[in-house]
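Subject: Structure handover

Hello,

Here is the structure for your files. My notes follow below it.

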Amino acid sequence: MSLPAFPPKTLMIAQSGGPSCAINATLAGALSAASESDCVQRILGAFHGIEGVLNENTIDLTGFSDFDRLSATPAMALGSCRKKLPEAFSDPIYEEIFHKLQKENVRWFLYIGGNDSMDTVRRLSEFFAVKKAQEPHLEVPVVFGLPKTIDNDLSACDHTPGYGSAARYLYQTVQELIRDTAIYAVPSVTIVEVMGRNAGWLTLAAGLPKFMGGEKPDIIAIPEVAFDEKAFIEKIRSLHQHTHSVIAVVSEGIRSRSGEYVGMENKSGAVDVFGHAYLSGVGKYLELLVKKEIGCKVRSIELNLMQRCSAHIASKTDIDESFAVGMFGAQQALMGVTGKMAVILREETKSGYHAIYGCEEIERCANHERLVPEKWYDLEDPKVQQEIVAYIRPLIKGKAVSFDDEYGTAGFIDWLKFSRQEGR
């Protein structure tokens, strides 16, 4: 007589929100920890975040071990979504998610993402806690968040996975632009638009060439400080008295004193499911403003997606820490820790910067933005500049292995597509 087959204890993992150079390293770290655990009998990846759970669109990752290759691959191997779960637990979607996870015997559910993704972690963990209280005999999944965002705006973290690589790209790119725009002896203005809806962390990275002792970029504008168009034009006129080339780096989300996005009339007005406005175009708006008011040679550059996908210049520190926080978070979840997010903290030792890892209650992470502190608003202050350099510089150190150099053009994402097609 054969023994009854018991469903394998399963860990499921998914990715959500915007991609980065480092999010796959976090996935690799979590897979590594799960692979080493005697508790986990099967590992499933859900395609396109929580939508993959609902649609039962998964891939079996049990036995996967190509962690270096995965860590070196940009974007999101498991795809993404921007689905907002309803506030009311009475909505049938919550029971549907529970039954889908129950069907696969999911004991641990890990979700990698930023602010909005952590809202999904919060709501699921709260729903499962309520369900467990109502039906104590039920086994509900552990739900754990793993951080990701190039915007660096997740609260409770010193910094977030993905930020270091994006910061390194911006620092290097602006360095190159400074030299390129200096060659002609004619008045010019170059406006570089940097990602950042409400937080200016990425724009601070673009300002590193100046903060580290250079003269440029000449103007650095972050969302936390009100932007004055008249003062912007007068600043350029003043700068042109002693320099031909003026470089301005501006966050996409800079606002006027009234709180309106600068150049709002040029934006689509559309918002995503979380209520965030789609931002871009402030660089072009300021370009046209300079052309109208000053009439000099002017161009705007919107770096856009390159900030988050340029793996060829990814920070080794960022990739290493992203892998480590993924491993740490998975280990915490496997010990039964639920309703929390893994965080990277900073420790200053005699040998310098050192990252340490911890957990934070998900309520402190979801929907809470960490903005540039007010003490850093005066970006012309030498002391402020030194503090910004001390904060960012350790995070951009080292060049990570480029997946294109090391592995050719077929990265892990291609492998996933092949596996799904073959039904493996």
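The lining of the second largest pocket divides into 11 nonpolar, no polar and 7 charged residues. The pocket has a volume of about 480 Å³. Its lining has 18 residues, and Ile219, Ile220, Ala221, Val225 and Ala226 lie nearest the centre. The elements that give two or more residues to this lining are β7 (219-221) and α9 (229-239).

Some ground rules. This is a predicted model: local features need pLDDT of at least 70, side-chain atom pairs count only at pLDDT 80 or more, and totals for chains, interfaces and linings use all residues. Residues are numbered from 1 along each chain as its sequence is written, and side-chain values use heavy atoms, with hydrogens and water left out.

Pockets and cavities are found on a 1 Å grid over the protein atoms alone. A cavity is a set of points where a 1.4 Å probe fits but cannot get out. A pocket is an open set with protein on both sides within 12 Å along at least five of seven lines. Lining residues have an atom within 4 Å of a point. Grid points are joined across faces, edges and corners, and a volume is the space filled by probe spheres set on the points. Helices (H or I, at least four residues) and strands (E, at least two) are DSSP runs, numbered from the N terminus.

Cavity

The structure holds 1 cavity of 30 Å³ or more. The largest cavity has a volume of about 40 Å³. Its lining is made up of Met12, Gly52, Val53, Glu56, Thr58, Lys100 and Glu104. By class, that is 2 nonpolar, 2 polar and 3 charged residues.

Salt bridges

A salt bridge here is a side-chain nitrogen of Lys or Arg within 4 Å of a carboxyl oxygen of Asp or Glu. The whole structure has 21 of them. For exposure, buried means under 20% relative accessible area, exposed over 50%, and partly exposed in between (1.4 Å probe, protein chains only).

Arg346 pairs with Asp158, with the closest N and O atoms 3.0 Å apart. This pair links distant parts of the chain, 188 residues apart: Arg346 is in strand β10 (residues 340-349), and Asp158 is in the loop between β5 (142-147) and α6. Asp158 counts as buried because its relative accessibility is 15%. Arg346 also meets Glu348 in a salt bridge, at 4.0 Å from N to O. Glu348 is exposed, at 54%.

Lys340 forms a salt bridge with Glu361, the closest N and O atoms being 3.6 Å apart. Lys340 lies in strand β10 and Glu361 in strand β11, so the pair ties together parts that are 21 residues apart in sequence. Lys340 is partly exposed at 25%. Glu361 is partly exposed too, at 37%.

There is also a network of salt bridges that links Glu87, Asp119, Arg122, Arg123 and Glu126.

Backbone

Most residues other than glycine have a negative phi, and most peptide bonds are trans.

- His48 has a positive phi, near 65°. His48 sits in the loop between β2 (42-46) and α2 (50-54). It is partly exposed, at 32% relative accessibility.
- Asn367 also has a positive phi, of about 65°. Asn367 lies in the loop between β11 (352-361) and α13 (382-392). Its relative accessible area is 45%, so it counts as partly exposed.
- Lys216 and Pro217 are joined by a cis peptide bond, with omega about 5°. Pro217 lies in the loop between α8 (208-211) and β7.

Surface

Ile183, Tyr184 and Val186 form a nonpolar surface patch, with about 310 Å² of accessible area together. Patches are made of residues with over 30% relative accessible area and no salt bridge; like charges are joined within 9 Å, and nonpolar side chains (Val, Leu, Ile, Met, Phe, Trp, Tyr) within 5 Å. Accessible areas come from the Shrake-Rupley method with a 1.4 Å probe; for residues, only the protein chains shown count as cover. Val186 is in the loop between α6 (163-180) and β6 (188-194). Val186 is partly exposed, at 40%.

Best wishes

Conventions. Nonpolar A, V, L, I, M, F, W, Y, C, P; charged D, E, K, R; others polar.
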